Amino acid sequence: MKYQKEQDQSVARRIIGRQVRKRKKKLLKKGAKGAKKLIKAAMKRFTAALAKVLTWIVGWIGLPTILMGFFIIISVIVISMVLTFFFSTGEGLNEDEKEIYNYIVQKANSTVDMESDWERPYRVPVELIAATIQLDAFTESDIKGVIDKMTSKLAPTFHYGSYNEWEENQVLVYEDGKLISEGSVVRTDHWVSKLDHVEYWSGYTDFIYEPEVTPWTSKEVITYREEKYYEKTIETYTEQDVEKQREVLVEKTKKIEVKTVTKTRRQFFHSRSNATNDYSYLDNVLNSYNLGFKDKQLIEVNYLFTGKTMNYTDWLQASGFVGMGGGYISFDGTIIPGAGVPAQFMEYYRGAEKQYGVPWYVLAALHFVETGFSTHSTMISSVGAIGPMQFMPATWAGWKYNIGGGLVSSSLDITSLSVISSGGGYGKDGDGDGKADPWNNADAIYTAAAYLSANGYAQDPRKAIWAYNHADWYVNKVLQSAETFKNAATYEGGGEIPPLQPGSFMRPATGKVTSGFGSRGNSQHYGIDIGGGGRTNVPIVAAADGVVTRSYLSSSYGNVVFIKHTINGMQFETVYAHMQNRAVIEGAQVKQGQFLGYMGATGHSDGVHLHFEIHRDSWNSSKSNALNPAGFIPL
């Protein structure tokens, strides 16, 4: 079922109006001396994130407004951060506020077993809750409900496995250095529980355990025992005045060294982990309160101020082909769909994509989730949504025609463009036949794109999909399907690429080399940078045939792809960093010249460029295997 989108208030009005009054009032309650001290401390913390905050402010309200009200806006943000600090530490709170703080801590602690070293680090952060409740979207009466919802929906889930940390023992006994007893090896099992997988508010982590057996260690115990024995000796005696000799046995005692050696070895496990940022659960909670992208940015500012880290809004912007400014970058080459996406719908997906800025794979995912690519028998839902993309008639034709529950009169021609225009509906004529028919695949797909665009897809994709159907599972399923469809497709062409170099490495992008390999200031540059030179949509391609070993959003590399290659019997791994987007997934087989994504400036980047590395054998964190790409590719 579709929902009408409520128009957001402008950020400038929201910041300079009610938020200023409310936040100043709260801060002044702390006392002028205390408030002044805390604001001074806040500004020191704020400086670390200043560049990011200023960039956001420009995007929020534009430079002219900033020039008119810069200090007011900065003050409001600082106040918001200071209040977050209060509610994340419990400092400076009055009795009522202290109750809220204690409630936050209690509910946050309840999300994990606080006695468990495994679970405690994944507790829903008090700082995150404190950062969220500062939004002016929430009244004081809402606060406990928000805390309850956040801790309930964001509580981590843990999956444990059993691992045998056995111990083996063997006892050997030596007497006077000679082995006289060799016991059998006895194993004692020791099964322990270890965390295999955890899902939490900002992503999930997989733990991998690799067994190793220690070398045998020995513990020696020396004892002694006495043993009697008889020794022959010659004895002289006198018999009838005659001296004679005879042999006699003399009892003697000797001390024998007994060395008991206990050998021990154990099995233990090396652990490593793979963490993936995924803010889906958090985003679903915030979407349920109709919070927009700018509200989410303010939550991140507040959270960063507490000394914690997150890249939530970067993650929102980095999904799909989202450019630096938040706009969609449409691939201008040929796309061959995979993963069961019917090829006959691609012209509609891509046509709507170009017109409304909504990715083709998101439209395909909506089509799949709603009606299985138009294969459901009736395509009429229980509440009256109709057609391939399941629109309520009133959403299609206009809510002025609503007769209840999103339905319209059966006599109304909802395919009429004039009816739709008069009613303010979303229906679009996708195939140019002069009608907008919700049962027509082209019209329905174009209308879905228009609806998502009108609901702010370019600024906040998840929130726009939430507007399509208010359900957590729906948003997640659409985005998971969209990711599958995007990654399963083959991308060909898409702009100027350098010449292929079969049997060797080719250049991964056109453009001037703006920074070479080697020393750069006080640091070492382990690759080369190829600049964008003011161009848009510069394709990045695989430098050689290989297998994608990693494809993810890195805090430093940004959107990055790693590829393993075998060339002339030698192993290499290449790295492609700071891309706007990624068109391949881990495990994908790629050919030389295959499209990987567009040149961008994600991660730690001073501008649009490709950072390209080549490593002998494999990449490692110290980059000790780095090679100068200039020796391998044409420059």
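Q: What makes Phe 505 count as buried or exposed in this model?
A: The model is a predicted one, in which local features need pLDDT of at least 70, side-chain atom pairs count only at pLDDT 80 or more, and totals for chains, interfaces and linings use all residues. Residues are numbered from 1 along each chain as its sequence is written, and side-chain values use heavy atoms, with hydrogens and water left out. Buried means under 20% relative accessible area, exposed over 50%, and partly exposed in between, with a 1.4 Å probe and protein chains only; Phe 505 has a relative accessible area of 3% and is therefore buried.

Q: Which residues is Phe 505 in contact with, leaving aside its neighbours within four places in sequence?
A: Contact means heavy atoms within 4.5 Å, and by that criterion Phe 505 meets Ala 543, Ala 544, His 565, Ile 567, Phe 572, Thr 574, Gln 592, Ile 614, Phe 632, Ile 633 and Pro 634.

Q: Why are H15 and H16 called oblique to each other?
A: Angles under 35 degrees count as roughly parallel, over 145 as roughly antiparallel, 65 to 115 as roughly perpendicular, and the rest as oblique. The axes of helix H15 (residues 441-454) and helix H16 (residues 461-468) cross at roughly 120 degrees and come within 8 Å, so the pair is oblique.

Q: What is the make-up, by class, of the contact of H15 with H16?
A: Ala 448, Tyr 451 and Leu 452 in H15 meet Ala 464, Ile 465, Ala 467 and Tyr 468 in H16. Ala, Val, Leu, Ile, Met, Phe, Trp, Tyr, Cys and Pro count as nonpolar, Asp, Glu, Lys and Arg as charged, and the others, Gly among them, as polar; the contact accordingly has 7 nonpolar, no polar and no charged residues.

Q: How do you know whether Asp 617 is buried, exposed or partly exposed?
A: Asp 617 has a relative accessible area of 40%, and is therefore partly exposed. Asp 617 is found in the loop between strand E21 (609-616) and strand E22 (626-627), and has a positive phi of about 70 degrees although it is not a glycine.

Conventions: Axes are lines fitted to C-alpha atoms, for helices over the stretch in contact, and angles run from 0 to 180 degrees between N-to-C directions. Helices (H or I, at least four residues) and strands (E, at least two) are DSSP runs, numbered from the N terminus.
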